[in-house]
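Subject: Structure for you to look through

Hello,

Here is the structure I promised to pass on. Please open it beside this email and follow along.

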Amino acid sequence: MFLSHLLIDTGGNPDRPRPGRKWLRNVYHVHQRLCMAFPSNMRVQDDPEFLKPFKGEDFPLRGNANADPRNPRHSFLFRIDNGIESDAPRAIILVQSELKPNWDYAFHNARVFLAADPETREYNPAFTTGDTLRFRIRINLSKKIQSNREGIDLRKPRVGIDAKGRQKDQSKRVALTWNDDQKPEDVIVPWFAEKGAKRGFEVKGAALLQLGWSSGFTAEKEKGMKFRSALLEGTLAVANPVLFSQTLASGIGAAKAFGFGLLSVAPCNVNP
């Protein structure tokens with residue numbers, strides 16, 4: 001795999017907004033631009049200066065949401081690691097991919113977004129049972145349920161296909177919620193720990209760093225899409241090295257095309 005760091009110029013003066021600031025506010029546009037780092041060979045040959053409009057078929061590696069389910073590693077994951085709410089002059093995008101990205105091509109006509117040249121390195125970590133690591137993840141707070149309020153069994157296959165010609169899902173995804181008398185972290189951390197137990201690691205401790213929303217707007221959906229977001233950081237122990245490596249490659253949770261699911265890990269004496 002490959003790990004890339006993109007330093008984005010968001011500008012620190014609210015009276016002088018930078019293009020990077022506006023770009024980051026629509027995560028769908030961020031995802032689309034990152035897709036452009038994985039062009040097909042034919043696209044590069046036919047349009048070396050990137051003058052033609054974006055076409056999805058020219059960029060086959062389009063994020064985990066569109067990856068072949070039989071090959072979950074053939075994808076990329078990303079995370080916007082710090083926001084722009086405090087008018088910080090810089091933001092960082094972390095991108096993890098199976099293929100080496102071509103950032104020169106992706107930002108050929110959008111260098112104004114970048115505060116520095118992107119940095120990419122090979123990323124092929126190895127783990128053993130019991131390894132203790134620091135982690136960070138931005139995860140979509142949602143879950144699937146098997147029945148609705150009317151008592152209909154959603155485990156039974158639904159009849160028909162969706163707008164993209166795919167078989168309709170067999171369950172319903174809803175937001176993770178908590179009661180007014182509960183602290184969000186008291187619900188979110190155990191929920192994430194349960195996910196970890198099924199994915200090769202044990203959560204030893206975690207803190208909720210940020211709770212908010214992530215949004216994106218497409219031409220097809222003018223009203224946009226919003227996803228509940230939680231940024232978690234803590235320590236974990238590797239329980240199953242093979243399964244844990246697969247988890248790192250494929251990510252955790254839903255809405256990966258909107259910047260969720262990338263699990264960053266590092267030795268306990270290094271920040272993830």
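The side chains of Glu233 and Arg134 form a salt bridge, with 2.9 Å from N to O. A salt bridge here is a side-chain nitrogen of Lys or Arg within 4 Å of a carboxyl oxygen of Asp or Glu. This pair links distant parts of the chain, as Glu233 is in strand E9 and Arg134 is in strand E5, 99 residues apart. Helices (H or I, at least four residues) and strands (E, at least two) are DSSP runs, numbered from the N terminus. Glu233 and Arg134 are both buried; buried means under 20% relative accessible area, exposed over 50%, and partly exposed in between (1.4 Å probe, protein chains only).

Before going on, note that this is a predicted model: local features need pLDDT of at least 70, side-chain atom pairs count only at pLDDT 80 or more, and totals for chains, interfaces and linings use all residues. Residues are numbered from 1 along each chain as its sequence is written, and side-chain values use heavy atoms, with hydrogens and water left out.

Glu233 also meets Arg136 in a salt bridge, at 2.5 Å from N to O. Arg136 lies in strand E5, 97 residues from Glu233, and is buried too. Through shared partners, salt bridges join Arg79, Asp81, Arg134, Arg136 and Glu233 into one network.

The structure holds 8 salt bridges. Another of them pairs Arg111 with Asp117, at 2.6 Å from N to O. Here Arg111 is partly exposed, with a relative accessible area of 35%, and Asp117 is exposed, at 56%.

Next, the cores. A nonpolar core is a set of buried Ala, Val, Leu, Ile, Met, Phe, Trp, Tyr and Cys residues joined through side-chain atoms within 4.5 Å. Which residues touch the most other members of the largest one? They are Leu34, Ile93 and Phe107, out of 32 residues. Helix H2 (27-35) is among the elements that give two or more residues to this core, and H2 gives the most, with 4 residues. Leaving aside neighbours within four places in sequence, Phe107 is in contact (heavy atoms within 4.5 Å) with Leu6, Trp23, Arg33, Phe113 and Leu114. Apart from this core lies another, of 29 residues, including Phe135, Phe201, Ala249 and Leu263.

Last, helix H6 (residues 241-250). Its buried residues are Phe244, Thr247, Leu248, Ala249 and Ser250. The buried residues of H6 pack against several strands, among them E5 (132-140) and E9 (225-238). After H6 comes Gly251, with a positive phi near 85°.

Regards
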